[in-house]
Amino acid sequence: MELQKLFYSPIAWIILILFGVQSGIQFMQLIRSVVIAQELGHSVDNITFNVYSSTSGIFNTILGNLYLYIPLLTMGLLSREFSSGSIKLLYSAPISNRQIVLGKFLSIMVFGLAMVSIVFTEVLLGAFTIKEVDIPLILTGVLGLYLVICTYAAIGLFMSSLTSYQIIAAIGTFAALFGLTQVARLWQEIEFVRDIIYWLSINGRSGTFINGLICSEDVLYFILVSGLFITFTILRLKGIREKSSKYVSLARYAGVFIIVALLGYVSTIPFLMKYHDSTRTKVNTLTPNSQEVLAKLKGKITISSYINIFEEFHFMYGAPPFQKYDMDKYKQYRRFYPNIKMKYNYYYALPVQESFLKSHKERFKDMTLEEALKKACTSYGINAKLFKPASAYANEIDLKDELNRFVRKFSTEDGKSVLLRTFDGVVMFPTEAEKTAAFKALVEDLPLVAFVTGHDERDVNNFGSRGYFSITKEKPSRHSLINNGFDFMECGLFKPVDKNINILIITDAKTNFSDKEMKNLDDYIKRGGNLVIACDIGRQDKMNPLVEQFGVRFMPGQVVEHNKGYEIDLVTAVSTKESWKLAYQFEDMHDESVVVMPGTVGISYEPQDGFKYTPVLVSDTVKSIAAIDSLGSWNELQTTDFIDNVATYSLEKEEVLGPITTALALSRKLEGKEQRIMILGDADCFSNSELSRSRNGINAKNSLMAYGMFYWLSDNEVPIDVRRPQPPDNEMYLRTGDVSFFNVLYKIVIPALLALTFLLIWLRRKGR
């Protein structure tokens with residue numbers, strides 16, 4: 001009967017028609033944008049996700065509008081019975097309260113299927129027009145939308161039972177839905193209450209479905225919340241019919257809520273949660289490399305977060321009201337290793353970085369730290385008793401050494417620990433690569449890199465333009481290798497190289513090495529240690545003795561290259577196809593990507609037995625002498641002043657025409673492992689200045705080159721490879737002319753058919 005009433009009601013049909021028009025307009029806008037981009041020659045990768053599941057996709061758009069429709073559908077379910085008096089007929093019929101409520105709820109579920117069927121017409125277009133469309137992703141999103149409709153309907157049904165006025169029931173439903181979206185911000189300082197309240201929040205529940213992930217917690221949420229409000233509705237009718245006291249009714253409601261809350265709390269226990277990633281490329285699942293690392297973990301892992309209230313940009317992301325959101329950053333990891341406990345430690349201390357310290361002093365002028373703490377806590381609405389001075393955690397972590405920033409400490413039960421930091425920039429928190437590197441450091445000995453000192457070499461602690469601090473040890477930098485699994489130290493060759501050192505680096509030595517130092521270096525090489533040797537202009541005589549045993553020689557002079565608008569000694573080297581097999585980062589440096597080498601020497605070599613030689617970087621590949629006036633490269637032996645003098649290629653002076661190798665990789669099998677050696681003609685390409693500098697018209701990938709070099713030297717261990725397969729849905733079989741037809745279909749024809757169906761039903765009913 002209720003279903004019949006719905007489909008005889010003009011309100012329900014108007015809602016269905018408006019829903020069809022609105023979703024059709026938004027869907028066709030998305031389709032049109034993809035078709036236009038494709039015809040203009042732009043990349044249209046991952047079409048299924050972009051059209052259906054992205055933030056601006058059709059599913060999220062529909063989700064954002066559902067709250068406008070469902071309250072209008074449900075407002076009369078019971079309030080109409082109360083206002084018309086027909087509730088007495090239901091009470092006198094041989095049916096129970098439970099049957100009345102379930103009958104009305106099931107009718108809305110069926111109507112929800114009608115709404116979903118409109119969405120299915122949009123799914124069908126994608127299924128037939130998108131190349132290798134990801135159907136499971138779409139179907140999972142549709143399931144999420146339907147579960148939201150059912151949950152909204154259960155809430156609206158209960159609100160309808162509270163009043164005989166339909167408008168008030170609709171407003172009450174709006175208010176309840178708003179409350180469920182905001183409830184996660186309440187009472188977050190109380191741990192148990194925080195878990196229950198956060199679980200009750202409806203925010204983001206359908207988002208996992210829309211993104212292609214089915215999680216038992218979210219499925220149970222929709223079932224339990226729907227069951228909660230359906231039971232509340234049954235209790236409401238029971239209370240009316242039996243005229244129960246307020247205390248008895250309240251006890252019943254409280255009992256149901258407690259049972260649902262406890263079941264919800266149990267559903268969030270990591271050990272009990274189940275997942276299914278329906279996406280083709282498993283974008284919601286950790287990559288195989290990360291899963292392999294987690295499989296090696298044993299015992300409880302504790303992630304302790306240390307959060308400074310005076311850290312301007314990061315504090316609120318870990319503040320008490322947002323702890324649960326922060327915990328969700330590790331949900332993927334707890335899926336594969338549930339035995340992870342997260343702790344939050346709040347402290348106050350002056351920022352160490354100069355710009356942040358200046359900002360702090362301006363905001364809290366003439367205040368002590370304690371006074372500033374009280375003011376900040378009052379502004380944030382947080383209890384000041386949660387915060388301790390940084391010194392209170394001195395036995396756990398040196399927070400000042402971590403610049404008094406938001407930092408996490410991963411610890412095992414046996415006391416092993418590693419730090420995971422937050423970063424400057426738009427993306428402030430670690431991605432999967434940095435997180436997995438931290439977990440890996442708990443179960444494996446990751447590479448220790450040693451920079452040789454004693455000959456005025458480049459320094460990892462140098463902040464200046466020629467130093468290597470940025471690429472190696474800069475803590476707030478995501479691209480710093482210390483945040484990707486490496487650790488660094490300095491050592492001299494006056495004594496044997498420590499056996500714990502995995503990679504030895506010698507760069508730009510300005511003085512000769514002694515016989516003892518050469519012997520210690522040879523011993524390191526003979527035992528199979530990995531090595532980097534980087535020369536620079538004018539250092540060939542100091543560096544050649546280091547590489548001669550490999551049949552390698554740093555060429556005299558320097559490589560020059562015609563780059564329009566730049567100095568001729570600015571070399572833009574490109575990666576070779578042979579190097580792509582060494583590290584995937586080298587392959588990513590293709591097309592217009594280059595490695596800028598501002599003043600580099602060439603590398604020549606005669607292969608020796610046992611070693612495999614792979615040119616990694618070469619200068620401009622143009623070989624025609626006739627084209628040398630516009631572009632090309634050669635090894636310049638005469639000119640050294642490129643500001644006042646003009647360098648020209650001279651065959652008579654035995655200047656070598658490009659391409660010239662500027663980075664060379666050597667490898668050989670030794671003692672059951674592969675020894676890897678990288679030889680570079682320039683020590684500036686990874687310097688602080690080159691990693692931060694940009695040049696007009698040059699797409700420099702120096703940091704990617706550094707990543708690839710260390711990835712290869714670490715036997716492909718770190719940085720962690722978290723690449724995923726490229727989605728194959730990169731083409732749409734529609735053209736601009738086709739869009740006009742489907743515009744009419746979705747915006748006019750389908751809504752018109754719905755209107756015609758309603759008209760026929762209405763006329764038939766009127767005729768009877």
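Tutor: The side chains of E81 and K104 form a salt bridge, with N and O 2.9 Å apart; the term requires a side-chain nitrogen of Lys or Arg within 4 Å of a carboxyl oxygen of Asp or Glu. This pair links distant parts of the chain, as E81 belongs to helix 5 (residues 79–84) and K104 to helix 7 (residues 97–129), 23 residues apart. Helices (H or I, at least four residues) and strands (E, at least two) are DSSP runs, numbered from the N terminus.

The model is predicted, so local features need pLDDT of at least 70 and side-chain atom pairs pLDDT 80 or more, while totals for chains, interfaces and linings use all residues. Residues are numbered from 1 along each chain as its sequence is written, and side-chain values use heavy atoms, without hydrogens or water.

E81 is buried at 3% relative accessible area, and K104 is buried at 4%; buried means under 20%, exposed over 50%, and partly exposed in between (1.4 Å probe, protein chains only).

A second salt bridge joins K416 to D445, the closest N and O atoms being 4.0 Å apart. K416 sits in the loop between strand 6 (407–411) and strand 7 (417–421), and D445 in the loop between helix 20 (432–443) and strand 8 (448–453), 29 residues apart. K416 is partly exposed at 31%, whereas D445 is exposed at 74%.

D523 and K519 also pair, at 3.1 Å from N to O. Both lie in helix 22 (residues 515–526), 4 residues apart, about one turn of the helix. Salt bridges with shared partners also connect R458, R466, D508, K510, D536, R539 and D684 in one network. The structure holds 31 salt bridges.
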